[in-house]
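Please look over the sequence and the structure shown below before reading on.

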Amino acid sequence: MPLLLNVDKALAQILDDMQPLDSESVALAESLDRIIANGIAAPLDLPPFDNSAMDGYAIRHEDSVDASPQHPATFRVTQDISAGAAPTGSLQPGQAARIMTGAPVPTGCSAVAPVEDSDDNWRKGSNPAPPQQVQIYSSYAFGANIRRKGENIECGATIMRAGTIIQPAEIGMLAAIGCARFEVLRKPKVVILGSGDELVDVHEPLGAGKIRDTNSYTLAGLIRQAGGIPIRLPIARDNLSEIRALYRRALGINPDMIISSAGVSVGAADLVREVMDELGDIDFWRINMRPGKPLAYGALRGIPFFGLPGNPVSTMVTFEVLVRPALAKLAGRALHRKTIRATVAEDMRSDGRRSYDRVRLSREGSGIVAHSTGSQSSGALMSMLLADGLVIIPEGQRLVPAGSELPVLLLRAFE
Ligand code: AMP
Ligand code: MG
C-alpha cells in the first residue's frame with residue numbers, strides 16, 4: 001500500500017498556506033459577531049462631563065453637614081437642570097439646583113441629594129416647576145452621587161484590542177464613542193462546487209438512479225457556522241466542458257476559498273484532474289484518515305482549493321478536520337472546538353487509518369460514555385445527525401475494545 005499522508009501533517013501544511021484576510025468597513029448596526037481589525041482608543045472621556053447619578057438636588061456638600069430629618073438643611077433652588085440641558089450658573093453657598101439623572105452638574109456642586117431624601121414630593125414624570133426652597137434630610141460627602149467625567153473611560157484609553165469579537169456591550173461602547181463605521185476582518189467568501197450525473201437539486205423530482213445533492217447544502221451550513229459566506233453554484237454534469245465552465249465561474253467570483261465535493265474518488269478523479277491541471281496547482285492526497293482518504297488540495301489561480309470526497313459523511317468529516325481550521329485562520333477567528341475523553345460503550349473497529357467515528361455521548365456516573373450512532377458507512381448521513389462528536393481511533397489500531405478511553409472531537413456543545 002502506498003504511504004498515506006498523516007492527518008496532522010496535512011493540516012499543518014494547509015494552515016501554513018492560509019493567509020489571514022484583510023479588513024473591510026462595517027456599519028455599527030451590522031457589526032455583531034464581527035472581529036475588530038485594529039485596536040480602538042476612546043477619542044473622548046466617558047462620561048464626557050460630570051453628571052448626576054440621581055434625580056434630586058445638586059448642592060455644595062459642605063452645606064449639608066449635620067443635616068438630619070429633625071434638623072434639615074434648607075436650600076434656595078436657583079436652577080432646574082434636566083437631562084440634555086446645560087447648567088445656567090454656578091452654585092453659591094446655600095443654593096441648590098433641581099437636577100435629573102444624567103444632567104450635567106453645575107460648577108460648585110460637590111454632591112447630589114436624591115429627591116427621596118428631601119421634602120420635595122414631586123412625582124417622576126409630572127415635572128412641575130421646582131419649589132423655591134428645598135429641605136435636605138442627610139449630609140453628603142464630597143462627590144456623592146456624581147458620576148465624574150472620564151470615570152468610565154479616559155480619553156485615549158484602549159477600549160478594544162484587535163481581534164475582539166463584537167458583542168452587544170462592544171456595540172454599545174462603540175456607539176458611546178461615536179464610532180459609526182469601523183474596520184473588521186473580512187469574512188471568507190467560499191464558493192461551493194459539486195458534480196455528478198446522479199445529482200439533482202432539492203426541489204427537483206428524483207428520476208431513476210438519481211439522488212439529491214446534499215453536500216452543497218451541508219457545506220453551506222458548515223461554512224456559515226465557521227464565519228464564512230457560502231456561495232453555492234449549480235451542480236455540473238460529469239463532462240469536461242461543464243466541469244471546466246463551473247470552475248471558471250467559481251474563479252470569476254474571486255472567492256477566498258473554493259470547496260468542491262465529489263470528483264476525487266478513483267472513478268471520478270480523471271475529469272476533475274484535467275480541469276485542475278488547466279487552472280491550478282492541485283495535489284491529490286491520500287490521507288491516513290477514515291472517512292476521507294482521497295482529497296484534493298492546493299490552489300486554483302492562487303485561491304485555496306479543497307476537493308473533498310463526495311460521500312456526505314466524508315464531506316462533513318473532512319470539513320471538520322481539515323477545512324474548519326483553515327477557514328478559522330483565514331477569518332482570524334480562534335477555533336473554538338473542544339476535545340473531551342470518553343469511554344467507548346462497545347467494541348469499535350477500524351482498518352488501521354485514523355478513524356473519526358460518529359458517537360452519541362452520555363454522562364454515566366463520573367465519566368462520559370460514547371455510543372456508536374449506528375452504521376458508520378460514509379454515505380449514512382443519519383450517523384451525523386445523531387452524533388455529538390467524532391471519536392478518534394488512532395492510526396494503527398484496528399480494534400478498540402469496549403471500555404477503552406479515547407478522545408472525542410465535539411460537534412456540538414455537550415455539558
Ligand atoms: P464521486 O467522488 O463523484 O465518485 O462521489 C462519491 C459518492 O458521493 C457517490 O456516491 C456520489 O453519489 C456521492 N456524492 C457526490 N456528490 C454528492 C452531493 N453533492 N450530494 C450527495 N452525494 C454526493
Ligand atoms: Mg461523481
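Which residues in α4 meet which residues in α5? In this predicted model, Leu240, Ile243, Arg244, Tyr247, Arg248 and Leu251 are the residues that α4 brings to the contact, and on the side of α5 they meet Leu271, Val272, Glu274, Val275, Met276, Glu278 and Leu279.

A second pair of helices can be described in the same way. From α3, Asn215, Thr218, Leu219, Leu222, Ile223 and Gln225 take part, and their partners in α6 are Pro312, Thr315, Met316, Phe319, Glu320, Arg324 and Leu327.

The table sets out the geometry of both pairs.

| Helix pair | Axes come within | Crossing angle |
|---|---|---|
| α4 (residues 240-252) and α5 (residues 269-279) | 10 Å | roughly 40 degrees |
| α3 (residues 215-225) and α6 (residues 312-331) | 11 Å | roughly 25 degrees |

Angles under 35 degrees count as roughly parallel, and because α3 and α6 cross at roughly 25 degrees, these two helices are therefore roughly parallel to each other. The axes of α4 and α5 cross at roughly 40 degrees, and α4 and α5 are therefore oblique to each other. As for handedness, the crossing of α4 and α5 is right-handed, and α3 likewise passes α6 in a right-handed crossing.

Turning to the surface, Met382, Leu385 and Leu386 make up a nonpolar patch there, and together these residues have about 300 Å² of accessible area. One of them, Met382, belongs to helix α7, which covers residues 382-385.

Key. Residues numbered from 1 in each chain as written. Chains lettered and ligands numbered in written order. Predicted model: local features only at pLDDT ≥ 70, side-chain atom pairs only at ≥ 80, totals over all residues. Heavy atoms only, no water. Patch = residues over 30% accessible without salt bridge, like charges linked within 9 Å, V, L, I, M, F, W, Y side chains within 5 Å. Areas by Shrake-Rupley, 256 points an atom, 1.4 Å probe, with all protein chains shown as cover. Salt bridge = Lys/Arg side-chain N within 4 Å of Asp/Glu carboxyl O. Helix = DSSP H or I, 4+ residues; strand = E, 2+ residues; numbered from the N terminus. Axes fitted to C-alpha atoms, helices over the stretch in contact; angles between N-to-C directions. Parallel < 35°, antiparallel > 145°, perpendicular 65-115°, else oblique. Left-handed = near helix turned anticlockwise from the far one by under 90°. Contact = heavy atoms within 4.5 Å.
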